[in-house]
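Morning, everyone. Please look at the structure on the screen while I talk you through it.

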Amino acid sequence: ASGPGTVGVDVAVYKVGAGGDQLLSRRLFDSGFNGHDFALDASANLWLTGAVAGEQGYSLGLWKYSLEEDQLVLKSTYSAGTGLDGGSGITLDAAQNIWVVGFSSNDYTANANKLDLALWKFDPTGTQLLDGPMLQPGYAQNVDAGLNAKILATSDNLLVTAARLNTLGNHDLAALRFDLEGDLLSQKLWHGAPGAADIPYA
């Protein structure tokens, strides 16, 4: 959303009646937020992830919106200092640790794909990075409309879908499975038809 007197994209929080046909409230926050996904914790707080623009590029951003206090707070940022770190998907495990999947640029890849798929683990307060970024190299060349990844926590695994650029310049669908320590257990790619792309959006 955008609001009067603000720059860029803001966060809009809407409360809708149980029937889905009545808007009960609307809150707009001028946050400097460039967000991609949200998740709900056990206390009904919303956690949002995306990126924060800075002088050296973009940093991963992790926000908490408290329904009770009606406040949006930036809890954590992370930057590897190489241009881009951004969250694209977010989930919480049974212990309420916060997992973010996204992308991180690197300066060590010899080929054109300079963006790695990245996984971060934060504590339940969102203020402490417990692990990460855990990287899977060579997923994309740059930030574009096809850059996307989503994550879901089960009782013993993390399931990730992501767009991965192939040698033909199309996006394949990658499905990855991690354990709750962030270790990769499996990875599979689905290739679209020539000239087509398989991209996860939800």
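The accessible surface of the protein chain comes to about 10,500 Å², computed by the Shrake-Rupley method with a 1.4 Å probe. Carbon and sulfur atoms hold 51% of that surface. Of the 202 residues, 43% are buried, meaning under 20% relative accessible area with a 1.4 Å probe, protein chains only.

A word on the source. This is a predicted model, where local features need pLDDT of at least 70, side-chain atom pairs count only at pLDDT 80 or more, and totals for chains, interfaces and linings use all residues. Residues are numbered from 1 along each chain as its sequence is written, and side-chain values use heavy atoms, leaving out hydrogens and water.

Now the strands. The chain has 14 strands and zero helices; strands are DSSP runs of E, at least two residues, and helices are runs of H or I, at least four.

Two strands pair if DSSP finds at least two bridges between them. Strand β9, residues 115–122, is joined to β10 by six bridges. There, Phe122 stands opposite Leu129 of β10.

What is the nearest side chain of opposite charge to Asp85? Lys114, 15 Å away. Lys and Arg count as positive, Asp and Glu as negative; His and chain ends are not counted. Asp85 is buried and has no salt bridge, which would need a Lys or Arg side-chain nitrogen within 4 Å of an Asp or Glu carboxyl oxygen. Asp85 does touch other residues, including Tyr58, Phe103 and Trp120, with contact meaning heavy atoms within 4.5 Å.

Terms used
Buried < 20%, exposed > 50% of the residue type's maximum accessible area, 1.4 Å probe, protein only. Lists of a residue's contacts leave out its neighbours within four places in sequence.
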